[in-house]
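Q: Hi! Could you walk me through this model? I'd like the overall picture, then a few residues.

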Amino acid sequence: MAEPAGRPTLSVGERLRPYRVILGARMRAQRQYRASFVTDIVGTLLVGVTEFAEVWGVFHNVPVFGGLTYGQAIVVFALSNLCFSLADMLVGHLDTLPQVIRAGQVDAYYVRPLPVLAQFMTSDISLRRIGRLAVALVLLIVGLATAQVAWSPAKGALLVLSIVSGTVIFSALFTVAGGAQFFLINGPEFTNGFTYGGSYSAQQPQPIFPDPVRIFWTFVIPTAFVAYLPTIVLLDLPGDGFVPRWLAWASPAAALASCALAGLVWRFGTRHYHGGGG
(Lines give C-alpha, C1' and ligand atoms only; values in the text may rest on other atoms or scores of the structure.)
Protein backbone atom coordinates (compact mmCIF):
# COMPACT_ATOMS: atom_id res chain seq x y z
CA MET A 1 0.00 0.00 0.00
CA ALA A 2 1.37 3.42 -0.94
CA GLU A 3 2.54 5.70 1.82
CA PRO A 4 0.29 8.70 2.45
CA ALA A 5 1.60 11.87 0.98
CA GLY A 6 3.40 14.12 3.43
CA ARG A 7 2.70 17.76 4.04
CA PRO A 8 3.77 19.96 1.13
CA THR A 9 7.10 21.66 1.63
CA LEU A 10 6.79 25.43 1.39
CA SER A 11 9.57 27.50 -0.08
CA VAL A 12 11.12 30.36 1.87
CA GLY A 13 9.23 32.87 -0.28
CA GLU A 14 5.88 31.16 0.42
CA ARG A 15 6.59 31.13 4.15
CA LEU A 16 7.45 34.82 4.16
CA ARG A 17 4.47 35.79 2.02
CA PRO A 18 2.07 36.48 4.96
CA TYR A 19 4.65 38.80 6.52
CA ARG A 20 5.21 40.66 3.24
CA VAL A 21 1.46 41.16 2.83
CA ILE A 22 1.06 42.49 6.37
CA LEU A 23 4.06 44.82 6.16
CA GLY A 24 3.01 46.09 2.75
CA ALA A 25 -0.44 46.94 4.07
CA ARG A 26 1.05 48.73 7.11
CA MET A 27 3.39 50.84 4.97
CA ARG A 28 0.64 51.78 2.51
CA ALA A 29 -1.57 52.82 5.43
CA GLN A 30 1.14 55.14 6.79
CA ARG A 31 1.59 56.83 3.41
CA GLN A 32 -2.15 57.34 2.97
CA TYR A 33 -2.17 60.72 4.74
CA ARG A 34 0.82 62.41 3.13
CA ALA A 35 0.86 65.62 5.15
CA SER A 36 0.92 63.71 8.43
CA PHE A 37 3.51 61.28 7.05
CA VAL A 38 5.85 64.09 5.98
CA THR A 39 5.39 65.87 9.30
CA ASP A 40 6.34 62.71 11.18
CA ILE A 41 9.47 62.28 9.07
CA VAL A 42 10.50 65.88 9.70
CA GLY A 43 9.93 65.32 13.41
CA THR A 44 12.23 62.30 13.56
CA LEU A 45 14.79 64.15 11.44
CA LEU A 46 14.83 66.92 14.04
CA VAL A 47 15.33 64.31 16.76
CA GLY A 48 18.47 63.10 15.01
CA VAL A 49 19.74 66.65 14.53
CA THR A 50 19.04 67.52 18.18
CA GLU A 51 20.95 64.47 19.41
CA PHE A 52 23.89 65.37 17.22
CA ALA A 53 23.79 68.91 18.60
CA GLU A 54 24.94 67.46 21.93
CA VAL A 55 28.05 66.04 20.27
CA TRP A 56 28.73 69.35 18.55
CA GLY A 57 28.27 71.20 21.83
CA VAL A 58 30.82 69.03 23.61
CA PHE A 59 33.49 69.39 20.93
CA HIS A 60 32.80 73.09 20.59
CA ASN A 61 34.33 73.40 24.04
CA VAL A 62 36.97 70.63 24.10
CA PRO A 63 39.18 69.41 21.22
CA VAL A 64 39.38 65.80 22.43
CA PHE A 65 36.74 63.89 24.39
CA GLY A 66 37.21 60.31 25.53
CA GLY A 67 40.29 59.97 23.35
CA LEU A 68 38.42 60.96 20.18
CA THR A 69 38.51 64.08 18.08
CA TYR A 70 35.38 65.68 16.66
CA GLY A 71 35.55 63.84 13.33
CA GLN A 72 36.18 60.49 15.03
CA ALA A 73 33.32 61.03 17.45
CA ILE A 74 30.99 61.68 14.49
CA VAL A 75 31.70 58.15 13.23
CA VAL A 76 30.83 56.63 16.63
CA PHE A 77 27.66 58.72 16.92
CA ALA A 78 26.51 58.07 13.35
CA LEU A 79 27.20 54.33 13.41
CA SER A 80 25.34 53.81 16.68
CA ASN A 81 22.40 55.97 15.57
CA LEU A 82 22.19 54.21 12.22
CA CYS A 83 21.92 50.80 13.92
CA PHE A 84 19.46 52.06 16.53
CA SER A 85 17.27 53.75 13.91
CA LEU A 86 17.09 50.54 11.86
CA ALA A 87 16.19 48.50 14.95
CA ASP A 88 13.70 51.13 16.09
CA MET A 89 12.02 51.06 12.68
CA LEU A 90 11.75 47.27 12.69
CA VAL A 91 10.85 46.42 16.31
CA GLY A 92 10.67 49.71 18.21
CA HIS A 93 6.88 49.41 18.41
CA LEU A 94 7.37 46.70 21.04
CA ASP A 95 7.42 49.72 23.37
CA THR A 96 3.62 49.78 23.06
CA LEU A 97 3.29 46.26 24.47
CA PRO A 98 2.31 47.42 28.01
CA GLN A 99 -0.71 49.26 26.59
CA VAL A 100 -1.67 46.21 24.53
CA ILE A 101 -1.39 43.97 27.60
CA ARG A 102 -3.45 46.28 29.82
CA ALA A 103 -6.13 46.51 27.11
CA GLY A 104 -6.37 42.71 26.99
CA GLN A 105 -5.56 42.68 23.28
CA VAL A 106 -2.65 40.25 23.49
CA ASP A 107 -5.02 37.28 23.55
CA ALA A 108 -5.83 37.83 19.88
CA TYR A 109 -2.19 37.21 18.96
CA TYR A 110 -2.22 33.77 20.58
CA VAL A 111 -5.08 32.40 18.46
CA ARG A 112 -3.57 33.40 15.12
CA PRO A 113 -1.40 30.93 13.15
CA LEU A 114 1.71 33.15 13.11
CA PRO A 115 4.20 33.25 16.04
CA VAL A 116 3.39 35.92 18.62
CA LEU A 117 6.73 37.74 18.24
CA ALA A 118 6.46 37.71 14.44
CA GLN A 119 2.98 39.24 14.70
CA PHE A 120 4.24 42.04 16.95
CA MET A 121 7.19 42.70 14.64
CA THR A 122 4.93 42.92 11.58
CA SER A 123 2.11 44.74 13.36
CA ASP A 124 3.75 48.03 12.49
CA ILE A 125 6.82 49.38 10.72
CA SER A 126 7.40 53.03 11.48
CA LEU A 127 8.42 54.65 8.22
CA ARG A 128 8.42 58.01 9.98
CA ARG A 129 11.72 57.02 11.58
CA ILE A 130 13.36 57.36 8.16
CA GLY A 131 14.15 60.97 9.09
CA ARG A 132 16.44 59.98 11.96
CA LEU A 133 17.89 57.19 9.84
CA ALA A 134 18.75 59.68 7.08
CA VAL A 135 20.56 61.96 9.54
CA ALA A 136 22.65 59.05 10.82
CA LEU A 137 23.50 57.88 7.30
CA VAL A 138 24.61 61.34 6.16
CA LEU A 139 26.72 61.83 9.30
CA LEU A 140 28.34 58.42 8.84
CA ILE A 141 29.35 59.27 5.27
CA VAL A 142 30.67 62.67 6.35
CA GLY A 143 32.49 61.23 9.36
CA LEU A 144 34.21 58.47 7.38
CA ALA A 145 35.18 60.94 4.67
CA THR A 146 36.66 63.52 7.05
CA ALA A 147 38.43 60.87 9.14
CA GLN A 148 40.33 59.77 6.01
CA VAL A 149 39.94 56.03 6.57
CA ALA A 150 42.63 53.88 4.96
CA TRP A 151 40.11 51.54 3.35
CA SER A 152 40.79 47.86 2.79
CA PRO A 153 38.53 44.86 2.08
CA ALA A 154 38.78 43.91 5.75
CA LYS A 155 37.64 47.35 6.92
CA GLY A 156 34.77 47.38 4.43
CA ALA A 157 33.65 43.99 5.72
CA LEU A 158 33.96 45.21 9.31
CA LEU A 159 31.74 48.22 8.58
CA VAL A 160 29.00 46.06 7.05
CA LEU A 161 29.36 43.49 9.82
CA SER A 162 29.10 46.20 12.48
CA ILE A 163 25.93 47.71 10.99
CA VAL A 164 24.21 44.32 10.76
CA SER A 165 25.36 43.17 14.20
CA GLY A 166 24.56 46.52 15.82
CA THR A 167 21.04 46.47 14.39
CA VAL A 168 20.57 42.93 15.70
CA ILE A 169 21.87 43.91 19.16
CA PHE A 170 19.46 46.83 19.47
CA SER A 171 16.59 44.71 18.09
CA ALA A 172 17.38 42.11 20.73
CA LEU A 173 17.29 44.79 23.44
CA PHE A 174 13.85 45.90 22.27
CA THR A 175 12.72 42.26 22.37
CA VAL A 176 14.12 41.77 25.87
CA ALA A 177 12.28 44.92 26.98
CA GLY A 178 9.08 43.61 25.38
CA GLY A 179 9.36 40.20 27.03
CA ALA A 180 10.01 41.79 30.41
CA GLN A 181 6.76 43.77 30.10
CA PHE A 182 4.78 40.57 30.58
CA PHE A 183 6.11 40.63 34.14
CA LEU A 184 6.41 44.38 34.78
CA ILE A 185 3.35 45.75 32.92
CA ASN A 186 3.85 49.24 34.37
CA GLY A 187 7.64 49.35 34.33
CA PRO A 188 8.61 50.92 31.00
CA GLU A 189 11.18 53.16 32.69
CA PHE A 190 13.12 50.07 33.77
CA THR A 191 13.26 48.58 30.29
CA ASN A 192 13.94 51.97 28.68
CA GLY A 193 17.15 52.01 30.66
CA PHE A 194 18.38 49.11 28.53
CA THR A 195 17.01 50.20 25.15
CA TYR A 196 17.36 53.98 25.07
CA GLY A 197 20.05 53.94 27.74
CA GLY A 198 21.98 51.44 25.62
CA SER A 199 21.55 53.68 22.59
CA TYR A 200 22.94 56.66 24.50
CA SER A 201 25.93 54.71 25.81
CA ALA A 202 26.71 53.33 22.34
CA GLN A 203 27.05 56.80 20.83
CA GLN A 204 29.58 57.94 23.44
CA PRO A 205 33.36 57.37 23.54
CA GLN A 206 33.57 54.47 25.97
CA PRO A 207 36.62 55.75 27.93
CA ILE A 208 34.45 58.48 29.47
CA PHE A 209 32.69 55.83 31.59
CA PRO A 210 34.15 54.32 34.77
CA ASP A 211 35.31 50.72 34.48
CA PRO A 212 32.25 49.09 36.13
CA VAL A 213 29.96 50.91 33.68
CA ARG A 214 32.16 49.94 30.74
CA ILE A 215 32.10 46.30 31.82
CA PHE A 216 28.30 46.43 31.91
CA TRP A 217 27.93 48.04 28.44
CA THR A 218 30.55 45.72 26.93
CA PHE A 219 29.99 42.28 28.44
CA VAL A 220 26.46 42.41 29.89
CA ILE A 221 24.62 44.69 27.45
CA PRO A 222 27.10 44.69 24.53
CA THR A 223 26.46 48.16 23.10
CA ALA A 224 30.21 48.89 22.93
CA PHE A 225 30.31 46.43 20.00
CA VAL A 226 27.88 48.60 18.02
CA ALA A 227 30.05 51.63 17.29
CA TYR A 228 33.04 52.34 19.54
CA LEU A 229 35.00 49.12 19.02
CA PRO A 230 34.47 49.09 15.21
CA THR A 231 35.45 52.77 15.02
CA ILE A 232 38.84 52.35 16.69
CA VAL A 233 39.65 49.62 14.16
CA LEU A 234 38.27 51.52 11.15
CA LEU A 235 40.23 54.64 12.08
CA ASP A 236 43.38 52.77 13.23
CA LEU A 237 43.15 54.22 16.73
CA PRO A 238 45.15 52.68 19.58
CA GLY A 239 42.22 52.46 21.97
CA ASP A 240 42.78 52.74 25.70
CA GLY A 241 43.80 49.19 26.56
CA PHE A 242 40.54 48.36 28.37
CA VAL A 243 39.61 45.76 25.74
CA PRO A 244 41.71 44.48 22.81
CA ARG A 245 41.07 46.03 19.40
CA TRP A 246 40.41 42.64 17.77
CA LEU A 247 37.27 42.35 19.88
CA ALA A 248 35.55 44.54 17.28
CA TRP A 249 35.39 41.45 15.04
CA ALA A 250 33.40 39.66 17.75
CA SER A 251 30.30 41.79 17.13
CA PRO A 252 28.45 38.84 15.48
CA ALA A 253 29.06 36.78 18.63
CA ALA A 254 27.70 39.64 20.75
CA ALA A 255 24.66 39.83 18.46
CA LEU A 256 24.04 36.08 18.75
CA ALA A 257 24.34 36.22 22.54
CA SER A 258 21.87 39.13 22.60
CA CYS A 259 19.44 37.15 20.42
CA ALA A 260 19.72 34.13 22.73
CA LEU A 261 18.91 36.31 25.75
CA ALA A 262 16.04 37.98 23.89
CA GLY A 263 14.61 34.59 22.91
CA LEU A 264 14.71 33.34 26.49
CA VAL A 265 13.13 36.48 27.99
CA TRP A 266 10.42 36.57 25.31
CA ARG A 267 9.67 32.86 25.79
CA PHE A 268 9.39 33.22 29.56
CA GLY A 269 7.25 36.33 29.17
CA THR A 270 4.77 34.84 26.72
CA ARG A 271 4.46 31.67 28.81
CA HIS A 272 3.95 33.74 31.94
CA TYR A 273 1.01 35.58 30.37
CA HIS A 274 -2.34 33.95 31.22
CA GLY A 275 -4.82 36.40 29.74
CA GLY A 276 -6.11 39.91 30.13
CA GLY A 277 -8.96 38.93 32.42
CA GLY A 278 -12.37 40.51 32.24
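A: Happy to. Contact here means heavy atoms within 4.5 Å. Counting contacts in the chain with a separation of 6 or more, 76% come from residues 24 or more positions apart.

Q: And what should I know about the source?

A: This is a predicted model, in which local features need pLDDT of at least 70 and side-chain atom pairs count only at pLDDT 80 or more, while totals for chains, interfaces and linings use all residues. Residues are numbered from 1 along each chain as its sequence is written, and side-chain values use heavy atoms, with hydrogens and water left out.

Q: Thanks. How many helices and strands are there in the chain?

A: The chain has 12 helices and 0 strands. Those are DSSP runs numbered from the N terminus: H or I with at least four residues for helices, E with at least two for strands.

Q: What share of the chain is buried?

A: Of the 278 residues, 45% are buried. Buried means under 20% relative accessible area, exposed means over 50%, and partly exposed is in between (1.4 Å probe, protein chains only).

Q: Which residues have the most contacts inside the largest nonpolar core?

A: Those are Phe 120, Leu 140, Phe 170 and Leu 229, in a core of 60 residues. The elements giving two or more residues to this core include H2, helix H3 (70–91), helix H7 (130–146), helix H8 (153–184) and H12. H3 gives the most, with 13 residues. A nonpolar core is a set of buried Ala, Val, Leu, Ile, Met, Phe, Trp, Tyr and Cys residues joined through side-chain atoms within 4.5 Å.

Q: What does Leu 140 touch?

A: Leaving out residues up to four places away in sequence, Leu 140 touches Val 75, Ala 78, Leu 79, Leu 82 and Ile 163.

Q: Switching to H2: is Gly 48 buried or exposed?

A: Gly 48 sits in helix H2 and counts as buried because its relative accessibility is 2%. Not counting residues up to four places away in sequence, Gly 48 touches Phe 77, Arg 132 and Val 135. Gly 48 and Ser 85 are 37 residues apart in sequence, with 9.5 Å between their C-alpha atoms.

Q: Which residues make the nonpolar surface patch?

A: Val 38, Val 42, Leu 45, Leu 46 and Val 49 make that patch of about 400 Å². Like charges are joined within 9 Å, and nonpolar side chains (Val, Leu, Ile, Met, Phe, Trp, Tyr) within 5 Å. Accessible areas come from the Shrake-Rupley method with a 1.4 Å probe; for residues, only the protein chains shown count as cover. Val 42 lies in helix H2 (residues 34–61) and is partly exposed, because its relative accessibility is 44%.

Q: Nice. Where does Thr 270 lie?

A: Thr 270 is in helix H12 (residues 251–272). Its relative accessible area is 15%, so Thr 270 is buried. Thr 270 touches Tyr 110 and Phe 182, not counting residues up to four places away in sequence.

Q: Last one: what is the phi of Gln 148?

A: Gln 148 has a positive phi of about 55 degrees although it is not a glycine. Gln 148 is in the loop between H7 and H8, and counts as exposed because its relative accessibility is 68%.

Definitions and conventions
Patch = residues over 30% accessible without salt bridge, like charges linked within 9 Å, V, L, I, M, F, W, Y side chains within 5 Å. Salt bridge = Lys/Arg side-chain N within 4 Å of Asp/Glu carboxyl O.
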